[in-house]
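Open the model in your viewer and keep the selection panel at hand. The stops below go from one selection to the next.

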Amino acid sequence: MKKVVTLLLVMTLVIGTLAGCSSKPADKDSGGKDAGGKDKLKVALIYSGFLGDKSFNDSAHEGALRAVEEFGIELKEMESKEPAEWESNFVAMAADGYDLVIGVSTQFEEIVAKHAPEFPDTKFAIIDGVVKGENVASSTFAQNEGSFLAGAAAAMFTTKSDIEGVNPEKVIGWVGGLDIPVLADFFTGYKQGAAYIDPEVKVLQSFAGTFNDPLKGKELTIAQYSQGADIVMNVASGTGTGILEAAKESGKYAIGVDLDQDGVYPGSILTSMLKRVDNATYLAIESVVKDTYEGNKTVYLDISNGGVGLTDMSVMKEALGDKFPQDILDKIKELEEKVKSGEIKVEAYEGFGRK
Amino acid sequence: MNFDSIFDYTLIYATIRAATPILFAALAAAITEQGDITNIGTEGIMLTSAFAAVLVSYTTGSWILALIVSMIAGVLMALIMAVAHIKYKADITAIGIAINMLALAITKFGIKQFLGTTGSFTDPKIVGIPKINIPFLEGNKYLNGIFNNWSLMEIFGIVMVLLLTFLLYRTVWGLRLRSVGRFPMAAETAGINVNRMKYQVMIISGVLGGLAGAHLSIGYSQMFIENMTNGRGFMGVAAMFFGGANPALAWVGSLLFGFVDSIGGRLQAYGWPSQFVLMLPYIITISVLAFSMWRKKRREEKAKSSLTIATVKN
């Protein structure tokens, strides 16, 4: 009897560990071959957190699904609970004979740089980061440009005190996940955008220290609301769901990120800063399918090629009705053109921006 | 720096808010610690019941039902631990870790299987535990900010502290339990059924852990996200150690953690480096544990020396 229990315990442990690493083949037919009888292209996506963040990871997932639909590739996705799992997940996929292994986060930079040379026949890609190497394709975003628009919108919105929940104080907020360079680039743009509208606007900044703790995000956001902010931008993946919920519950406002989050809590989210992670993922897969893949190449997605931008605020417009401040939308359009034409130069955090 | 907007009246309720999930976990750990079981499975119990609460609230639209089911889920998890530890003498730390991993796996499976999504789940159909609104407080900004709109569970947490204190220190059952914790063999000799006591505390721990989980997913927020406990169960165990398994002192420990957490959020917004601020809860945890261990040792030494004096006198 004791043996049986021990065995059961060991099994629980093993199952628990496996589920922790969580592999999730999205491909349903297991034939492994496409119609032509040719081997299917095997693509693996390694995430730095969980899917379901309605943000960065989900966006990459969407792009990958689009590729599955169009090219019939075989897709495997690895989520992770802790940073300790990143490297083992990544190496496992590379060693498992996947044709293309994509690290979906800037946080994979070091891991890709370290292990890509060990698998010369495997192609690698990194989203939101740059790694040198013959078999590594990189893609980066001008998140500073998108955030510039978001900051400008927030700075204009914080003075619209005729809208319920908006106070006259010129304070806006920003809550991030981990304090990493990409997020600093977001913040640089956000701050500049706010200052462009009104230099007196104060920008509060907090980090949750994790991308997976919505309750922490919620608490930080409520703290910023109590310090006078009435709109808070979320750049926090899974932590961000808590930020958006705080907006809804406190009767204040938030700005979404990565994906269009406007509809998560209609009427509480002014706009979302789109970062087309889905496009970057799709393009990386497409390049391998169409045999245009090139190592050592960086795709730069910015405001002029639609890689970043804001939503059209239509959800908010519907929620606020007549009170919707149309001038914000007009101003954002004008700023967008100015950034595109180079009339406004958005500052970038050290190491970012167009190279 | 603007101290007014860091140390203001909203900090009081923010502290309570952040402390409540930790408090329930601390109580769940305290009751078993009194019965000589260090329950580090609270994290897993919380996570499983958080999921159960969201699932039931979403499908039935009743938060009461959700609360009941989450307690049942908590008890089931606790019973797995209890049977393995009490009946089959498995090491409690190992089984606790196994439970935490199991919870992560079960909820991951459940979210895919029953809610048809991955990672996180939010839906307007999730009915939350109500907040207590007291209309006459609304006139005063400060009273309103501090005492109004508490979640039912935040009040219930304080009630539970009183209830458990009474149960442990004012009832025969509590006395017996504490004797089991102090010296199981002596308790056994005195005719106390030690194993039955241990099963009982594990069940109570499951109920409390269940409440903790439900508070996270349908009280504090209305969502479920993978691994949403994020160490709050462990923080609870730390708060329990801080209080030496005394519910009231464990509450103080939870409040301390909650306070550091909320103050951290405010300091950051005013330009304190996030790395430092985010380190604070852990520094506090370590110092708090070191302090409580030191105090415990002092007390034991005192008890020992008075014992020797007594024997010398005789």
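Two strands pair if DSSP finds at least two bridges between them. Helices (H or I, at least four residues) and strands (E, at least two) are DSSP runs, numbered from the N terminus. This is a predicted model, in which local features need pLDDT of at least 70 and side-chain atom pairs count only at pLDDT 80 or more, while totals for chains, interfaces and linings use all residues. Residues are numbered from 1 along each chain as its sequence is written, and chains are lettered from A and ligands numbered from 1 in the order in which they are written.

**Stop 1: the sheet**

Select the strands of chain A in the order β8-β7-β9-β10-β11-β13: they form an open sheet of six strands with mixed pairing. Direction ignored, neighbouring strands here are turned by 15° against each other on average.

Next, zoom in on β11 (residues 269–275) of chain A, which pairs with β13(A) in the antiparallel sense over three bridges. Within this pair, M273(A) stands opposite L310(A) in β13(A).

Contact between two residues requires C-beta atoms, placed from the backbone, within 7 Å.

**Stop 2: two residues with positive phi**

Stay on α8 of chain A and pick S237(A), which is in this helix. S237(A) is not a glycine, yet its phi is positive, about 50°. Is S237(A) buried or exposed? S237(A) is buried, since 31 other C-beta atoms lie within 10 Å; the cut-offs are 20 or more other C-beta atoms within 10 Å for buried, 12 or fewer for exposed, and partly exposed in between.

Then move to K54(A), in the loop between β2 (42–47) and α2 of chain A. Phi of K54(A) is near 55°, again a positive value in a residue other than glycine. K54(A) counts as buried because it has 25 C-beta neighbours inside 10 Å.

**Stop 3: the domains of chain A**

Colour chain A by domain: domain 1 is 21–27 + 37–141 + 278–301 and domain 2 is 143–274 + 306–341. These bounds come from an automatic or database domain assignment. The C-alpha centres of the two domains lie 29 Å apart. Where they meet, 15 residues of domain 1 of chain A are in contact with 16 residues of domain 2 of chain A. Helix α2 (residues 56–71) of chain A gives the most to the domain 1 side, with four residues.

**Stop 4: chain A against chain B**

Show both chains: the contact takes 39 residues from chain A and 38 residues from chain B. On the chain A side, the elements that give two or more residues are α1 (2–21), β8, α7 (214–226) and α8 of chain A. Of these, α1(A) gives the most, with ten residues.

**Stop 5: a helix pair in chain B**

Finally, select α6 (residues 152–170) and α11 (residues 247–269) of chain B, which pack at an angle of about 150° with their axes 8 Å apart. The two helices, α6(B) and α11(B), are therefore roughly antiparallel, a term for angles over 145 degrees. V161(B), L164(B), T165(B) and L168(B) in α6(B) meet P247(B), A248(B) and W251(B) in α11(B).

Technical notes. Axes are lines fitted to C-alpha atoms, for helices over the stretch in contact, and angles run from 0 to 180 degrees between N-to-C directions. Angles under 35 degrees count as roughly parallel, over 145 as roughly antiparallel, 65 to 115 as roughly perpendicular and the rest as oblique.
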